[in-house]
Amino acid sequence: MRFTVSILPLLISLFVFSCRGDKEETLSDASQSLENFEIAKGFQIELFAAEPLIADPVAMEVDEHGNVYVVEMHGYPLDLEGSGKIKLLKDTDEDGLPDESIIFADSLILPTGIMRWKEGVIVTDPPQVYYFEDQDQDGQADIRETLLTGFALSNPQHNLNTPVYGLDNWIYLAHESFVTTKMFPDKLGDEGKDIVFPDKPEVRLPKNANGRNVRFHPDTYQLEALSGASQFGQTFDAWGHHVLTSNATHLFHEVIDARYLERNPHLLVAEATTYLPAYGQGVEVFPVTQNPEHQLLTDVGTITSACGVTWYLGDLFPEQYQQVTFVAEPVHNLVHADVIQEQGATFLANRLLEKSEFLASRDSWFRPVNFYTGPDGALYVIDYYRQIIEHPEWMSEEMLQSGQLYEGTDQGRIYRITPKGTPPPSFMHETLLGKADDETLVQTLTHDNIWWRRHAQRMLIDRKPQGIQNLLDTLAVAHQKPTARVHALWTLQGLGWLQEDILLQALQDETAGVRENAILLAELHLTDFPALASALPAMATDQDPKVRFQLLCTLGFLDTQEAGEARQKLLMQDLEDEWMQLAALSGAPGQENALFQASLQRATHDVKGMEKWLYQLSRVIGHAGDQATIREVMQAVRQTTVLADAHQAACLQGLAQGLSETSKRLPSLDQEKRQLTAYFSSNRTPELRQAALSLLNSIGFPEHQGTLTTLKDKAKQVITDQTADASWRSDAIYWLTALQPEALQPLLPALIQPQEPELVQQAAILALKNENMPVTLLLEKWQALTPDLRNDAVTVFFTEKERMLTLLEAVDEGTVDQASLGWRNMVELMNSHDDDIRSRSRALLAGNAGREEEVIKNYQSALTLAADPVHGKAVFEKVCASCHQIEGSIGKAFGPDLSTIRNRSPASIMEDILLPNKSIADGYEFWELQSQGGKTLYGIISAETANALTLKDAAGQETTVSRTDIAQLQASTLSAMPTGLDQQMSQQDMADLLAFLKKSHRLAMD
């Protein structure tokens, strides 16, 4: 066995705890907490287990014998000394409730999840995934096996967690990127290693699985990273759709699998998941807590700590709850619920209840963190029950030193939610499935409760029984319940018994979810089941969008004419759906030209989604860098009569973007280059002129001197014609800059003046990015530049080191106001990899460094001044809107939406504004990325997928980079928010801004 050790019971046996004689007395204090709950109409809540039987619970599992395992994470937030435990609960008096607690396993660091496996349990305890088994049946594990290792041990809220046995027989692990810690690097600074099986290290994933969810097969050493990431918790619907969660983004769906994205290296996808709630971000919640405990960076009044997402698949709640998801929100002491509805390849979520929550407590120590659907169909709520739940990385120094971080570590509860009138539980003293024979397990696949179906499927595959294949075959195609049919199919697959005729019947099943899974199963048998080559393409007219989406993904593995025709048909009937576009592109490596030519036949004005599709397709073609294909695309764009200007621009811009994302160079396309110059015309739209120029900048201008001279002369004539349209003149500046910048240089002083249209001035300023241009002209013109034009001017200085030093010198001399730099640029300067720039910038721009107490003291009066929120809105637009929005409006969506902080105290908001580097908000670390080609990018990581990473800068511009093109990626120790804002605001301004932020939901749209 892998890293198998015997666990000596020397200490562990001392911790068998029993409360059989006085159970009611030991639970009496916890029972009083039931009086504090408000629960949805028609439901009841009761106590299932509490201290002293359990403490600090974060997850649970009920095995086929009725044994209840509870994961206890005592070490949260900072204790890494191995205080974590797995408790085994027993019901010795058979009253339905546990009365005995045994330490099944201990010496765990920060355990985060548990799942029944074989005769033991799988436990996630970063950096390891363990298997524990009790061979001598004394209630204590004597086998401890390391299944996987290498996961990051960083902030406990973001570590590996929640193993789940999937419908497809894989074990899924929720996981995300390590979180940069500023306050506790020694304890929580581990970034992880390659993920490996210890006894088969050649099977591995990259460092920390690139911060994505993982699935694996322990027996066959299969290991995969998925396309999405989840913070604490993950769940599946009845058909295996993967739903995830993260603090403030409480519900999102992994739409497209990593294996599809990975098969086309030229498809750079920014995001493989989609946010589900139709009611937007910054989700308002409705707590009933009395005397709540909220810390420094807690977004009070909005979802801020979502975890434990669970799609209810039990059999006890009313039928409509089969489409309900639950998330725990421990900071606000409540449980939030959403109703899920179908929407194309994905879903849409709406609140289950308006203006209230499914469950909320008046007790500020109620900390729901997870759920479990039991064998009785009840929803079990796991209550960590702590005074403080936020991590000290994001709380005040006063609270950190208060000694309250571990208050409640000896407490914890598990509650049972059921419809009113439901009798108490009895499963702990029932046989359940532990002694079921093989035929009974097959029949259990028909159960309405996922607990029974999942365990039965797992047990059948583990037993590898004989003589039941016919039973499973019949169940897979003939049983009246679609969930029974789909579990039978995957059980057959897991046992290696799935036959072609059974699968062909499943492809025609009346239920869409079964057909969808049958397509997934077909993907595993494309070579050994020959009839699939025609059966799958024949499904292209399926009425269900999720079936069509899965079919399009799967057909990408089938290289036949029928499959190709079916892919085109599927794509065109759902072209508006961006997920269908990605599915089509993922399955067409090397076939993009044929797909492009086919698309041209359908590219009429009224085809919705065509413009975006042509851009995406051309971008992939450009990134592939095949000269012959690019030539054909360019010729087709020029010669076709059906493409609108917008469609032509999309094609050319897509080619340019794709070429810019690769290091490939095209040696000769001179004829096509000359043809592109024809787009420099007043008869073309600005979008088409700009697209043609972008492509010429990528592939180079033609070498024919006559053509170049004509272009330059024409550009100069247009530039100096003040009667010409501003967009035509600005485009001419861009063209001449690309053609012969020295010819433009003498014209620039006259173009950068207030009398010229802003478009013309902007183009002239950006022309100075050319290395031979004199940037001192910008300093001469600085006082006459509007704020927007100053922003453009700053980007010119950022093109090389000497220009940056010139800019810093101008700031020091007062020629350029420091505020004109913009906070993003200041952070970039202070984090420069160049020592001279970094040291000069930090000395000049460090703002409040070294005088934090003085700054806070100076602004205390702002907390008591009479405030004007209307003027505060103006302050927001001046100081904050460059990176923040309010309820999705005003400003740029770079940092958090500040509507989420309106219920925090004015003092804590003010401290964040004045001292942004004190603590960097989760998910908003500022990163520096250096590409293999030497290009440097700065921003927050806005999205990650299997083969790409996306950075977003303060201007809202997103750049997607192939993972193979990343030379170095490093997080800044500085906040992406600017320091020195006290120099831009008076105390009265601060008071007004705080008033606006507190009332933003009423004033933002005024």
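The paragraphs below go through the cavities of the model.

This is a predicted model, in which local features need pLDDT of at least 70, side-chain atom pairs count only at pLDDT 80 or more, and totals for chains, interfaces and linings use all residues. Residues are numbered from 1 along each chain as its sequence is written, and side-chain values use heavy atoms, with hydrogens and water left out.

Rolling a probe the size of a water molecule over the atoms shows where empty space is left. A cavity is a set of points, on a 1 Å grid over the protein atoms alone, where a 1.4 Å probe fits but cannot get out; its lining residues have an atom within 4 Å of a point. The points are joined across faces, edges and corners, and a volume is the space filled by probe spheres set on them. The structure holds 4 cavities of 30 Å³ or more.

The largest cavity has about 550 Å³ of space. It is lined by 31 residues, and Val164, Phe371, Tyr372, Thr373 and Arg454 are the closest to its centre. Among the elements that give two or more residues to this lining are strand 12 (161–165), strand 27 (368–373) and helix 8 (450–463). Helices (H or I, at least four residues) and strands (E, at least two) are DSSP runs, numbered from the N terminus. Helix 8 gives the most, with 5 residues.

The second largest cavity has about 60 Å³ of space. Its lining includes Met634, Arg638, Leu652 and Tyr679. Helix 19 (627–639) and helix 21 (670–677) each give two or more residues, and helix 19 gives the most, with 4 residues.

Note on methods: 1 Å grid on protein atoms, 1.4 Å probe; cavity = no way out; pocket = protein on both sides within 12 Å on 5 of 7 lines; lining within 4 Å.
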